[in-house]
Each structure stands twice: as C-alpha cells, then as structure tokens.
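Q: I'd like a close look at one residue near the end of this chain. Then please carry on from there to other parts.

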Amino acid sequence: MSNSTQVDVVIVGAGFAGMYQLQRMRSAGFSAVVIEAGDGVGGTWYWNRYPGARCDILTVDYSYSWDPELETEWEWTERYATQPEILRYANFVADKHDLRRDIRFETRVTSAQWSEDDKRWTVHTDAGDGAGDTVVAQHFVMATGCLSVPKIPDVPGNGRFQGEVYSTGSWPHEGVDFIGKRVAVIGTGSSGIQSIPIIAEQAAQLTVFQRTPNFSLPAHHGPIADERLVEYRADPAAYREEAKHSRIGVPGIPISEVSALDVSAEERNAAYEESWQRGELGQLSPFSDLGINAEANDTMRQFLHGKIREIVDDPAVAETLCPTNHYFATKRPCLDTGYYATFNRDNVRLVDLLQAPIESITESGIDTAGTSPESMEFDAIVFATGFDAMTGAIVGVDITGRDGMSLRDAWAAGPMTYLGLMTVGFPNLYMITGPGSPSVLSNMMVSIEQHVDWITDTLDHLRMTELDTIEPTELAQRKWVQHSNDIANMTLLPTANSWYMGANVPGKPSVFLPYPGGVGAYREACDEVVAQGYLGFTLAGPSGATTNDGVIRAVKPDVAAMLAIIEEMGLPPIETMSVAEARGFMEASAELRPPGPDVGEIVDGTLQGADGELEYRLYRPDSDGPHPVVVYFHGGGWVLGDHMSDDPLCRDLCVRSGAVIVSVNYRHAPEARFPAAADDGFAAVQWVAAHADELGVLSDQLAVAGWSAGGNVAAVACQQARDAGGPAIIGQLLLNPATDCDFSRPSFSANGEGFTLTTALMMWFWDHYCDPEQRMDPKASPLRAESLAGLPRAMIVTCEFDPLRDEGDAYAAALAAAGVEVEHLQAEGQTHTSTGAVDVLITPTVTREAMGNALRGFFGATVSV
Ligand code: N01
C-alpha cells in the first residue's frame, strides 16, 4: 500500500546540502522530510568510495560553519580529508543533530507535480508497493548535488564485459581488492587521477585509457598547515565570514593584479613553482590574467608540461600526458599523489585514445583501433568517466510545473535559472547549488550554506507575509543567465570541452553551467535581490500576486567593474572644473588608454572648415586603396576632445570597416559656440568629398560617423548635405548621439548619475555650446528637423545606461518613420563611454563589430577586410 505524507518542505538528498536544509527547516519551525537513495547520509561522499577519494579543498575550509560547536567538537586529521573521514564527519553531524529521524533512506524520488489549485508539490518515490509513496509539500528542495549522476559510459560494447566492472561514482561499500589483477581504468579526470596511483600499487597490471590529459599538481598530503590553523583558531567566526565573501569560498587567497606577461620568465616560473609546492586549488593562479588571456595561460601550461617531462621517464609517455588541447583550469585541475610518477612503474601502461580509440569493450577486455589495433584482456574495468554534472540529478526526476510544463522540456536547450536557485514555471521549487550559481567553482560547503540560508529565509518571509508561492520572472531569469554567460565569455572557460559546458555528455546542450562571478559577488547579488523586495520574483498568496520584475545585474560585468574603479578613484565631476582643467583631465586620461589596433597608415593634416583650417587625422587600412571614406566626429560635448581623442575607436573602426577614417577637429565651445561645430562638420564633409583623389579615397563612397556630440555633428551634417543637394553621403553611423535638447526623457532620470556621462555634465556641455533659445534649431537638435526624409541610411547605437539613450532611440524611430533605412542597435548593459573603450572592455566588442559591419554594408561590395 502506498502512503502519502504532508509536510511543509520535502528535500531530496541527504548530502551536506540536504542535511543542513533539514536542520534549518526544523529550527525555523517547518515540518520537513528528506528523501535519500542511499542507506546513509553524506551524498557524494557516500557514493564516491573509490580508492584514493579525497577532498581537494583543505579540511579547515571544507567544514560546516553553521554549528559553531563543531569547530571544537570535530578535529580533522589531515590537510585534505579522505572520503572515509568526510563520511564520518557527515555521520557525526547527523547523529549530533538527530537528523536521521526525518530522512527516508533507500528511497528514490521518481517524479513530482505542482498543483496550482492546492499550491502544493506532490513528490512520488519508489518506496511502498507498486504505486509508490508520495509526499505532499508546499516547498520542494532539490539538494541533489552537482556531481551525483554518473555518466553512462559512451563506450562501444559497454555491457559486454564479463569481468568485474566498477564506476568511481558508485563504488562498492565493501571495497575492491585489485591485488594480482589486470585492471583497466577509463578516464583521467579527478577520480581517475586520484585512484590510478593506488590501483597501480595493487594490480598486477594497470592500463590507463586516456582521452584527454588533465593538469594535475601534487596535493602534498600531510597534517594541516600550521599557519592556516593559527589563522582559523584565532577567530573561527571571522575566518568563516571571510570565506563567505571570498572568490571561491576559501579565505586568505590573495588576488593578483599582475599579468603573467608583465614579469620575467624567471619571476613567472618562480611563482608557478610556489603554486606547485603549495598544492592548493585556490592558489594555483599567481597572476591576474591566467583565466582570461590565452598567452598568459600558456606560460602556466608550459611550466606544467615541464614538470610532467621532469617526472615521467619515458619521453613519449610524458608527451601523451601533457594537456595541449585546453588551457590550464578551463577543465577542473586536479590535485594528486604521485599520479605522473605512476607511469614510471613497470606494471602501468598508458593508452592514448586519440591514437588508439576504443573499438569495443569485449567479453574479456578492450579492443582498440588505430594504426596498431590490439585486443587487451582484463580482470576488471574501472569507469572513471565522470558525471552528468549539475543538471543530471535535477532533470533525472520527472518534474512537472505549472500548466503541465516539464522541467526536462523547459531546459532542453540548457538550464535556465534565476540565481541558480529557482526556475520560471516551477513555483516553490528550489535548487541548492543549481546551475547558474557558483557551486562547482567554489568550496561547496560555503555555497551550500548560503543557498540553504537564502531558501530558509525566503520560506520564513513567505510565512510571515502570509504568502504561498514564489517564482522568478522571465526577465530576471533571462538576464541572470545572460549575466552568467557574459562573465564566462570574458574568460577562457568556455573554450574547453569540459563538463562545465556539458560537453562530456553526448547530446547535452553546450552551456556554461556554473556561475563564474565568484562566491562573494554572487552572495551580494542574492542579498540585494532580497533587500530590493525580492527583485525578479512574483510572490503570491490568498490576496493575490505581486510581481517585482527587474534585473539584478543589468550592467555588463566588465562595464560594472570599470564603473566601480572610477567610483573608487573619487574623481571630481568634470562640470566642476574649468574648461581648461577639463581638457587637461581628458588628455591625461587618454594617455592611459591602450592604443587600439594597428592600421596601415596614419596621416595628420588640415582641411578647410567653415571658418578657417581644421586639423584632421586620417586612418588608412592596411590594404590596397582607394578606400571608401568615413568622416568621423569625436565625442566631448562640443567642448572637449579633438581629432585624436577618439584614436582607439577610429583605429578599430578603420580595421573593422576597411574604410579610411578622417577624424575632424571641428571647433569647440565655449570659444566657438553654436553653430560652429555644426558648420565645421558640414564643411569637413564637403572638403573630404572634394579632395577624395588627393586623400586616396572614393568620393562616391563617403559616410559619416560620430560619437555623442560627434554623433550630433554627423547627423546634422547629413541634414545639411541633403538640404544643400550634396555632397552625397551614403550612410551615417551614430554612436550614442545627442539629438535633442530635452532633458526630461526617462533615460536622463534613470541614468543621469553613476554611468560616466551624467545629466549635470550634459547640461554643462549644452550651456557651453548653445544658448537656450537656439537649442531647438535642428542644427543643434537634429531630432527637431522638419523632415527626416531623404537622409542617408543609418546605423544608430544606443546604450541602456546612457542618459542620451532615449533621444538616440527617438532619432532612430523618427528616421525609420520618415522612410530612412535604419539599423538600430540597443546595446544592453552598456554605458555612454563603454563602446569606445577599445581593448579595455570585452563586452562592447560585439557592438563595434556591428558598427564595422554597418559601415561595410553602407559601402557594399567595394570593401574587403
Ligand atoms: O570526472 P571527469 P571525474 N571514453 O568528467 C573521460 C569532482 N571530483 O569523476 O576529458 C574515454 O572530470 C574523460 O575524458 P574527456 C571534480 O569537480 C572532485 O574524474 O571527456 N574517456 C575524463 O578524462 C571533478 O572535476 C574530487 O575527454 C572518457 C574522465 O573520463 C568532477 O568531480 C574527486 C569517456 C572523466 O573525468 C568530475 O571528476 C573526484 C569515454 N567515452 C571528483 N567519457 C576531489 O575533491 C569520459 N571519459 C578531489
């Protein structure tokens, strides 16, 4: 007979996540039950009992912090705990807090359905008779672990072998005796690398089948380092608190600001040697750019190759063990005990599956193909082939949410979560260390505790406010996934075929699964979501639903980092300076920028403006001319800047568009007020068109471009050229253009402070440039032109966090309404100045790529780049 139980909260999994969640539920006064497939607590440490299984986070850090008594009641014996010791720790905690009475062991959750009528989850298990037991709960917590579903080995002939077969991820509890046996190990990730040296000591012969060599450093097992213990014992609470705000959930790890490429080879190798000697995952990257710069990373890679060659006697075997197809730490690096030296043993052989792929597992062993096919006989095969990581256990349960939506279907193209905690369409379903949270990129203990605390506080909030359900909004979820991807894409992480990307499971969507922004930054985001009234969530109860839609990290991560640096510098606002000071300040700042890409040629010259000569700088592509030409107008609010002040951007545009860029030093206010800049802009276009041959450009392939006030000048030049009947302009590229004198648009109130260009500064610019009564003139506010018909086709870029966003949007819309062909790119998460930050910021690169494409589009087939 099947039983049904009603509780407040059902928790799946009795690992460290489920255990702590149960404890918090109880102490917060919620009824809860945990369902666990194993017959004991410990989760990953219950299942992964393979020889050599150990943690690779120091024991002092891989400990619960929620029970301060544990800090004195439990003492770890080693620097990195063995699996049996960690399992004893889990059991110690379970005993101490009497957790087992609410855990249903040897029970597997098979499916779960949400009932919108009852606002309850019904969770089905395989317990009871055929029908299975059910638990009905208001809240459903998946504490199923990130690496808990062993991957079914995708090896031909799997299942045929008649000898002993083992999987590191579900090892026999009684252990395995390999003495005198011929053993095969398939897989050289952490599990393989930990178990291979120990199996080699026992087995008569060990054959290791390696598909991808991995980076591994010595773990240097032994007692816990004294300096770590001193620090921890001095103030355990402070030590734990620091971990919570750290990058990977481990305190005391210095963050370098030095590039690996900025030091001598000796200095670099000395730093790598220190990492090698230290043997701690959190301290393997002594430089700032190993994670983001391929060239920098390669220096570490070469160092480690050197170590492998030093240790391994046979040079051919050493080469096979050197990872070359991925950057260091783009697959999880390992810590080992004698791994590489194991290949010096007479009874150990390495088979490179890239040279000799497995043709089939046979009844008696493994057949390989390649140039020298072999049939090998074994007594035992060990699969160390990894896990269906992060999503496997969650979609392993057949979960049906609102309106019959299946979680498997909802995640068919990759997991979608808000904060890695919840997912749209599945109210009151929580994931502990789910995809989209730091999880496997962190000390799991710290990440688990943070999620459990967040979930518990949320349930408490719902109860206090007499609400029933919580569910993220589509917008919040989409933007969180985007934010996580943005960070990942700024690093080398997505370049490897790793399980972080789901690449190890055939058919699994290629998505970077964990959140790579760091434990502390992530915690801040979760806390801010709550502080802002559960931003990005819909909370509902008997009296209705409230949606607090919004985005927690809308500014692109590199742009946000830049804004934080600027804020930290505490610079005086430009509008508080004199014009001379402001110009000096801008020039000094420009000195600090990277130069931008090389172009074929740079020529400085003068051209005829509306009232005298103007300087220009010409950027010519490194290809045969004549080229199309873009007359470019720099930013600076008609007051600041000159023909060289947007140098990196002009170089970038030149390279991307294949066109000559002529950047013009139009006259500036307050010395030359309106309409000087506008008149000079038009005069410069006329001069370039008339001097095309001399400049080596195509007169019938002339476009204009400009940023900010320069976008204003460019737009106005197009209107003047149209009204004057020439010269012919075939396109206008306007980046964050000033198009109107109205400060009342929402983008001014939303973005008027804190995003570089401020409302106050924009007002200062206008005041210097133009008298109030002149500002309605279309030569000042091109949006106010009587007609925009007949203007050149346009690409308009506006940025989400720019005060000028709305007037740029309005100009794009008005041009389109007037029948002008317009490409309008609304750059999400960018500011007024970010697009021009060439070689400083990564995320605006796509915008500049689109700008280059737009220019090439203006010029049609005449441009080759
Ligand atoms: O799994 P893995 P793991 N034919 O996926 C190979 C954590 N962990 O269990 O790289 C041949 O890393 C596969 O090759 P390739 C830790 O986070 C922690 O070792 O896909 N080979 C790879 O070599 C770790 O990262 C600890 O080309 C096949 C290996 O099998 C994570 O768990 C200890 C194959 C799988 O490596 C997973 O580690 C253990 C095939 N068909 C684990 N399919 C510590 O705390 C896969 N492979 C120390």
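A: Ala816 is partly exposed, at 43% relative accessibility. Buried means a relative accessible area under 20%, exposed means over 50%, and partly exposed is in between (1.4 Å probe, protein chains only). The model is predicted, so local features need pLDDT of at least 70 and side-chain atom pairs need pLDDT 80 or more, while totals for chains, interfaces and linings use all residues. Residues are numbered from 1 along each chain as its sequence is written, and side-chain values use heavy atoms, without hydrogens and water.

Where is Ala816? It sits in helix α25, residues 805-817. Helices (H or I, at least four residues) and strands (E, at least two) are DSSP runs, numbered from the N terminus. Ala816 and Gly637 are 179 residues apart in sequence. Their C-alpha atoms are 26 Å apart in space.

Move on to Asp39. Asp39 lies in the loop between β2 (32-35) and α2 (44-47). Asp39 is partly exposed as well, with 45% relative accessibility. Set aside residues up to four places away in sequence, and Asp39 touches Tyr46, Phe105, Glu106 and His173. Here contact means heavy atoms within 4.5 Å. Asp39 and Asp558 are 519 residues apart in sequence and, C-alpha to C-alpha, 47 Å apart in space.

Now take a buried residue, Met445. It lies in helix α14. At 1% relative accessibility, Met445 counts as buried. Met445 and Tyr62 are 383 residues apart in sequence, yet their C-alpha atoms are 5.9 Å apart. Met445 is in contact with Phe16, Asp61, Tyr62, Ser63, Tyr64 and Tyr89, leaving aside neighbours within four places in sequence.

Some of those names return in the core. The largest nonpolar core holds 97 residues. A nonpolar core is a set of buried Ala, Val, Leu, Ile, Met, Phe, Trp, Tyr and Cys residues joined through side-chain atoms within 4.5 Å. Ile11, Phe16, Tyr62, Tyr64, Tyr89, Leu419 and Phe537 have the most contacts inside this core. Helix α14 (residues 444-464) gives the largest share of this core, 8 residues. Look at Phe537 in more detail. Beyond its neighbours within four places in sequence, Phe537 has contacts that include Tyr418, Met422, Trp454 and Ile470. Among its other contacts are Glu471, Pro472, Thr473 and Val529. Another core, of 65 residues, lies apart from the largest one. Met577, Leu618, Val631 and Ala677 are among its members.

Helix α20 (residues 676-690) packs with helix α22 (residues 709-724) at an angle of about 65 degrees, and the axes are 8 Å apart. Axes are lines fitted to C-alpha atoms, for helices over the stretch in contact, and angles run from 0 to 180 degrees between N-to-C directions. From α20, the contact uses Ala677, Ala678, Asp679, Gly681, Phe682 and Val685. From α22, it uses Val713, Val716, Ala717, Gln720, Ala721 and Ala724.

One runs from Ala669 to Pro670, with omega near 5 degrees. The other joins Phe674 and Pro675, with omega about 5 degrees. Pro670 is in the loop between β25 (660-664) and α20, and Pro675 lies in the loop between β25 and α20 too.

Next, backbone angles. Ser708 has a phi near 65 degrees, a positive value in a residue other than glycine. Ser708 is found in the loop between β26 (697-707) and α22. It is buried, at 5% relative accessibility. Ala329 also has a positive phi, near 70 degrees. Its place is in the loop between α10 (315-321) and β11 (334-336). Ala329 is partly exposed, at 27% relative accessibility.

Finish with the cysteines. A disulfide is a pair of cysteine sulfur atoms within 2.5 Å. By this rule, the count is 0 disulfides. Cys799 is in no disulfide either, with its nearest cysteine sulfur, in Cys650, 17 Å away. Cys654 is buried at 1% relative accessibility, and Cys799 is buried with a relative accessible area of 0%.
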